[in-house]
Amino acid sequence: MTIDFKPYEEKMDKTINNLKKEYLGLRTGRASASLLEPVSVDAYGAKVPINQIGNISVPESRLISVQVWDESLIQSVEKAIRNSELGLNPMIEGNNIRVPIPELSQERRIEIVKVASKYSEDAKITVRNIRRDAMDKTKEEEKQKSISKDDSFQISEKIQQLTDKYVEKIENIFQEKQRDILQV
């Protein structure tokens with residue numbers, strides 16, 4: 001058998017890592033510096049990640065503080081946080097921006113779970129696309145007589161098992177995030 005599963009497994013691992021990064025941006029009612037990671041700020045003529053413009057810290061359980069290094073960017077940072085889909089209301093205090101994390105209503109928690117569900121579905125689709133690419137490569141090898149029908153069948157089985165394993169991982173990550181979001 002000539003199929004190397006490593007590249008497909010690496011792509012699926014990357015998909016899981018991307019899902020976890022997307023989940024960092026979802027609010028769970030507790031302050032977390034990673035909550036602001038997806039926020040990009042218009043600075044220096046480009047979109048710049050917020051963590052490259054200032055220091056993000058969590059001084060209290062319901063407060064995120066952003067200490068902006070360049071005072072000329074304070075308004076841009078405040079605007080980027082306000083316009084993000086996080087539903088936050090930042091307040092400027094000197095070269096510091098305080099971002100209080102409001103208590104989440106049950107309605108808002110359910111909305112966030114729906115967003116998390118969409119992220120996990122997108123990740124599953126990506127994993128299935130990786131499976132399709134692997135299956136296409138296997139069929140191509142079989143057509144070219146590089147592998148036998150039996151080998152092709154065995155490889156396809158292994159690819160499906162790998163896919164099932166990653167879809168299950170995605171589902172488990174989603175279930176954990178859902179519990180985290182709904183926890184009051």
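Predicted model: local features only at pLDDT ≥ 70, side-chain atom pairs only at ≥ 80, totals over all residues.
Before I turn to the charges, a definition: Lys and Arg count as positive and Asp and Glu as negative, while His and the chain ends are not counted. On that basis, the protein chain carries 30 positive and 31 negative side chains. The centres of these two sets lie 2 Å apart.

Confidence is lowest in strand 1, residues 40-43, with a mean of 87. It is highest in helix 4, residues 149-182, where the mean is 92.

Let me move to the architecture. The chain contains four helices and six strands. In sequence order, these elements follow the pattern α-β-β-β-β-α-β-β-α-α. The radius of gyration is 22 Å, well over the 16 Å that the globule rule gives for 184 residues, so the chain is more spread out than a compact globule. Along its principal axes, the C-alpha trace spans about 70 × 40 × 20 Å.

How much of the chain is buried? Of the 184 residues, 39% count as buried. The accessible surface comes to about 10,900 Å², and carbon and sulfur atoms account for 47% of that area. As for contacts between residues at least 6 apart in sequence, 65% of them join residues at least 24 apart.

Is N96 buried, partly exposed or exposed? Its relative accessible area is 24%; because buried means under 20% and exposed over 50%, N96 is partly exposed. Which residues does N96 touch, once its neighbours within four places in sequence are left aside? N96 is in contact with S65, V66, Q67 and M91. By way of separation, N96 and V167 are 71 residues apart in sequence, and their C-alpha atoms are 42 Å apart in space.

Y44 has a positive phi of about 55°, although it is not a glycine. Y44 sits in the loop between strand 1 and strand 2, the latter being residues 46-49. With a relative accessibility of 64%, Y44 counts as exposed.

The other residue is K145, again not a glycine, with a positive phi of about 65°. Where is K145 found? K145 belongs to the loop between helix 3, residues 106-143, and helix 4. K145 is exposed, and its relative accessible area is 73%.

Terms used: Residues numbered from 1 in each chain as written. Heavy atoms only, no water. Helix = DSSP H or I, 4+ residues; strand = E, 2+ residues; numbered from the N terminus. Rg over C-alpha atoms; globule rule 2.2 N^0.38 Å. Buried < 20%, exposed > 50% of the residue type's maximum accessible area, 1.4 Å probe, protein only. Contact = heavy atoms within 4.5 Å. Areas by Shrake-Rupley, 256 points an atom, 1.4 Å probe, with all protein chains shown as cover. Charge placed at Lys NZ, Arg CZ, Asp CG, Glu CD. pLDDT = per-residue confidence, 0-100.
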